[in-house]
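Here is a short briefing on one protein chain. Keep the sequence and the 3D view open as you read.

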Amino acid sequence: MKLKNDLLLRTAKGEKVERPPVWLMRQAGRILPQYRAIRQSLSGFKELVQTPALAAEVTIQPVDELGVDAAILFSDILVIPESMGLNYELIEKKGPWFPKTITNANEVAALSSGAAAADNLEYVYEAIKICKTELAGRVPLIGFSGAPWTIFCYMIEGSGSKTFSKAKRFLYTQPEAAHALLQKITDSTIHYLQQKVNAGIDLVQVFDSWAGILSPAQYQVFAIPYIRQICDAIQGVPMTVFCKGAWFALEALDQLDCQVLGLDWNTQANFAKQKVTSNKVFQGNADPCLLYAPAKEIEQTVLSMIEDFGTGHIVNLGHGVYPDTPLDNVKTFVNTVKNFSY
Ligand code: 1CP
């Protein structure tokens with residue numbers, strides 16, 4: 001079906017556009033009362049993720065309520081470890097938790113991977129098909145995965161962490177097993193994203209949320225080569241690579257076969273433009289806490305961000321929107337962009 005609003009795709013492809021597109025990471029979630037109502041009626045987060053009709057409903061909520069230029073499929077990066085054999089739970093108010101984690105090479109060898117893993121995620125592909133039907137071409141649908149390093153972090157650590165020191169210890173003490181695990185995650189992710197593309201997503205975003213905890217040298221060894229494999233394998237839709245905290249790797253990211261680079265709020269537009277010399281588009285990068293500020297300040301900051309980046313820019317935050325963000329402020333953010341023209 002032809003898209004009525006294809007601003008995001010035209011921008012990602014480097015075409016000239018009338019204004020930058022706008023959407024927010026984590027727009028489908030607790031900022032919306034509609035989401036909280038559905039979530040309350042269920043046994044938990046996983047039921048929502050694994051029930052395609054409900055996942056589709058909460059995916060579309062921010063399009064209706066906020067008027068953003070894209071929908072992002074409601075799901076989680078942790079479905080990949082689960083498809084490989086490590087189940088996750090979501091503990092209320094605490095976050096993800098894995099009862100079983102990876103500690104050695106034998107456990108890595110026992111994991112499923114590739115098509116065998118990706119085939120376990122039929123509920124995701126089904127949710128995409130429902131979203132595409134229900135969106136009826138209103139806006140593009142973004143599909144996503146975690147980057148191999150970020151997925152590795154959860155499979156070793158078993159939960160979120162400030163330091164991910166268990167995951168980093170594994171790199172130093174068992175580098176061969178680390179590479180074997182990163183390769184299995186990569187193979188699974190490639191099959192998964194390919195199936196998402198086949199199901200109808202219009203753009204892929206890869207989240208390397210914990211990029212910034214690796215040293216630049218480690219990032220070259222344990223992260224970039226695996227992201228590169230994903231970029232090379234996924235064809236047919238534009239791709240965004242968002243490596244949070246990886247300002248030090250921008251030159252390497254510039255070499256990837258992707259169209260868009262996501263930036264967090266610690267990276268200045270001018271700095272990124274100096275490091276990235278190919279014709280990549282930037283996505284980002286307002287501080288999520290800006291959305292606690294008065295409306296005037298939100299408007300001014302958004303407009304100066306648009307000016308700093310110039311054309312070839314997708315407006316977003318520099319990381320996910322926080323659940324306690326006032327909805328009116330999110331709307332001010334979105335509307336400031338929609339009322340702008342280059
Ligand atoms: O019901 C709830 O509110 C539970 C919170 C929640 C939500 C709303 C989790 C658990 N996941 C999600 C949805 C989700 N996760 C989306 C939805 C689509 C959208 O953006 O609107 C996306 C893209 C993700 C991706 C994700 N999950 C990432 C990468 C992006 C990022 O924020 O860095 C990561 C790191 C996760 C792991 C995860 N899942 C859930 C939480 C609370 C976390 C983070 C835990 C941690 O801090 O380590």
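Start at G310, which sits in the loop between α16 (295–309) and β9 (313–317). Bear in mind that this is a predicted model.

**Around G310**
- P20 is 290 residues away from G310 along the chain, yet the C-alpha atoms of G310 and P20 are separated by 9.2 Å.
- G310 touches K273 and Y342, leaving aside residues up to four places away in sequence.

- Most peptide bonds are trans, and most residues other than glycine have a negative phi.
- The peptide bond from G284 to N285 is cis, and its omega is near -10°.
- N285 belongs to strand β8 (residues 281–286).
- R26 is not a glycine, but it has a positive phi of about 65°.
- R26 lies in the loop between α1 (7–12) and α2 (33–40).
- F164 is not a glycine either, and its phi is positive at about 50°.
- The loop between α9 (148–157) and α10 (165–173) holds F164.
- Are R26 and F164 buried or exposed? R26 has a relative accessible area of 60%, so it is exposed, as the cut-off for that is over 50%. F164 has a relative accessible area of 0%, so it is buried, as the cut-off is under 20%.

**The nonpolar core**
- The largest nonpolar core has 133 residues.
- F152, Y219, V241 and F333 have the most contacts inside this core.
- Helix α11 (residues 175–199) gives the core its largest share, 10 residues.
- Which residues does Y219 touch, not counting those up to four places away in sequence? Among them are D208, A211, L214, I224 and P225. Y219 also touches I227, C243, A246, F248 and A249.

**The whole protein**
- The secondary structure comes to 17 helices and nine strands.
- The radius of gyration is 19 Å, close to the 20 Å that the globule rule gives for 342 residues, so the protein is as compact as a globular protein of that length.
- Along the principal axes, the C-alpha atoms fill a box of roughly 55 × 50 × 35 Å.
- Of the 342 residues, 57% are buried.
- Among contacts with a separation of 6 or more, 73% join residues 24 or more positions apart.

**Surface and charge**
- The protein exposes about 14,000 Å², and carbon and sulfur atoms supply 50% of that area.
- There are 31 positive and 34 negative charges, and their mean positions are 2 Å apart.

Definitions and conventions. Residues are numbered from 1 along each chain as its sequence is written. This is a predicted model: local features need pLDDT of at least 70, side-chain atom pairs count only at pLDDT 80 or more; totals for chains, interfaces and linings use all residues. Side-chain values use heavy atoms; hydrogens and water are left out. A nonpolar core is a set of buried Ala, Val, Leu, Ile, Met, Phe, Trp, Tyr and Cys residues joined through side-chain atoms within 4.5 Å. Buried means under 20% relative accessible area, exposed over 50%, partly exposed in between (1.4 Å probe, protein chains only). Helices (H or I, at least four residues) and strands (E, at least two) are DSSP runs, numbered from the N terminus. Contact means heavy atoms within 4.5 Å. The radius of gyration is taken over C-alpha atoms; the globule rule is 2.2 Å times the number of residues to the power 0.38. Accessible areas come from the Shrake-Rupley method with a 1.4 Å probe; for residues, only the protein chains shown count as cover. Lys and Arg count as positive and Asp and Glu as negative; His and the chain ends are not counted. The place of a charge is taken as NZ of Lys, CZ of Arg, CG of Asp or CD of Glu.
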